[in-house]
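Here is a short report on one model. Keep the sequence and the 3D view side by side as you read.

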Amino acid sequence: MIKVGIVGGTGYTGVELLRLLAVHPDVQLTAITSRKEDGLPVADMFPSLRGRVDIAFSSPDKADLKQCDVVFFATPHGVAMAQAPELLAAGVKVVDLAADFRIKDRAVFEKWYKIEHTAPELLDEAVYGLPELNRDAIKGARLIANPGCYPTTMQLGYYPLLKAGLIDAGSLIADCKSGVSGAGRKAEIGTLFSESSDNFKAYGVQGHRHTPETSAQLARYTDQKVGLIFTPHLVPMIRGMHATLYARLTQEIDNAALQALFEEQYKDSEFVDVMPFGSHPETRSTRGSNMLRLALHRPEGTDTVVILVVQDNLVKGASGQAVQCMNLMFGLEESKGLQQIALLP
Ligand SMILES: NC(=O)C1=CN([C@@H]2O[C@H](COP(=O)(O)OP(=O)(O)OC[C@H]3O[C@@H](n4cnc5c(N)ncnc54)[C@H](OP(=O)(O)O)[C@@H]3O)[C@@H](O)[C@H]2O)C=CC1
Ligand SMILES: CC(=O)N[C@@H](CCC(=O)OP(=O)(O)O)C(=O)O
């Protein structure tokens, strides 16, 4: 059994990790932290886990994380970098759901996150945890930087076209929407029901921290200079993310060949569903599941490909992807414990 610890068990990605790991056949939940709920049984806070999870929260200073085989950080940016060096030195693997190790360039990280990086010596070693594009490196990793939710949709959508050299990498436009749980469980005015329901707005248009993360990753797959305009929006739903990605073709290719390119690329990726050409994927077709679904379009009379991508921000966009990485790191089937079908309606 893999002994698992979670730092930040009371937040949205923390409870999503609990939901997935509680029924994972090879996992023993061993330690879980909360600064405010020390001693409280997890199932008292989350009745959805009654009968499934029988441990209690401990404060981070009391939790014995070093007895774990792997520790997930479901915490705000800056927490994992403070604890990862000691855990790694003790032989514990680390999966960070935050951004501490996603951006290799320390100066770029510090500019966007406005915190000092306290473990820069680990930046080179950290492996970017997007299994569909980085599977082999994840298998041998001690430290995983789990991707951001928006960056997951953008990378899996653009990758086949970029790799094939079919598009202008300098004029990518990504119009993305997230459910409110993307902002976490902390109290903020913008996520109050009366502020976010029956409302729709863009944010971060001048610059969002997921732009440098996505651009740096996409740049690994092309010789062209990557230019990305990413506009996030907040939509009045709890879970779900929808990305509408635009790319200008620089070579003639027919629709059947475009479709075949994506089907071939993801044929061995169980969690990427390439839907029939011209489909309109819905966020609810992924709710609660680790699936990312995408569909290609080619608007009449244009040289533009439109890729529609949907996922559950808390599953493929965060905790499900983290479990997928854990499976690879421990030599398990990549899909173990991740077979849930989306909830409908
Ligand atoms: N929500 C989403 O869709 C996604 C989130 N992420 C990332 O995952 C991480 C967690 O997000 P999310 O679950 O939404 O956030 P939440 O705000 O819902 O939860 C954060 C958790 O971290 C704990 N925590 C906060 N500060 C500290 C600290 N200094 N030391 C230890 N624990 C701390 C809190 O618990 P307590 O106060 O009880 O200690 C809480 O359990 C973030 O970095 C986020 O950016 C990534 C992809 C998608
Ligand atoms: C709706 C909403 O507020 N979403 C968050 C992204 C959440 C997230 O996943 O942040 P990281 O990937 O960087 O950890 C935001 O745009 O700031």
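Which helix or strand supplies the largest share of the shell around ligand 1? The helix is α1, with three residues. Helices (H or I, at least four residues) and strands (E, at least two) are DSSP runs, numbered from the N terminus.

The model is predicted: local features need pLDDT of at least 70, side-chain atom pairs count only at pLDDT 80 or more, and totals for chains, interfaces and linings use all residues. Residues are numbered from 1 along each chain as its sequence is written, while chains are lettered from A and ligands numbered from 1 in the order in which they are written.

**The two ligands**

Ligand 1 is surrounded by 31 residues. The closest are Gly8, Gly11, Ala98, Gly184 and Arg185. A residue is near a molecule if its C-beta atom, placed from the backbone, lies within 6 Å of it. Both α1 (12-21) and α10 give at least two residues to this shell. The residues around ligand 2 include Ala98, Cys149, Arg209 and Leu234.

The table sorts both shells by class. Ala, Val, Leu, Ile, Met, Phe, Trp, Tyr, Cys and Pro count as nonpolar, Asp, Glu, Lys and Arg as charged, and the others, Gly among them, as polar.

| Shell | Nonpolar | Polar | Charged |
|---|---|---|---|
| Ligand 2 | six residues | three residues | one residue |

**The sheet**

Seven strands form an open sheet with mixed pairing, in the order β8-β9-β7-β10-β13-β12-β11. β8 (201-202) and β11 stand at the edges, each with a single partner strand, so one side of each has no neighbour in the sheet. Two strands pair if DSSP finds at least two bridges between them. β7 and β9 (residues 228-234) run parallel, joined by seven bridges. Ile173 stands opposite Ile229 in β9.

**Helix α5**

In α5 (residues 131-139), Pro131, Glu132, Asn134 and Ile138 are buried (20 or more other C-beta atoms within 10 Å of a residue's own, placed from the backbone). Seen down the axis, the buried residues fall within an arc of 130°, so they line one face of α5. The arc is that of the directions from the helix axis to the C-beta atoms.

**Gly170**

Is Gly170 buried or exposed? Gly170 is exposed, because 12 other C-beta atoms lie within 10 Å, and the cut-off for exposed is 12 or fewer. Gly170 sits in the loop between α6 (149-163) and β7 (172-178). Gly170 and Gly227 are 57 residues apart in sequence, yet 4.0 Å apart in space, C-alpha to C-alpha.
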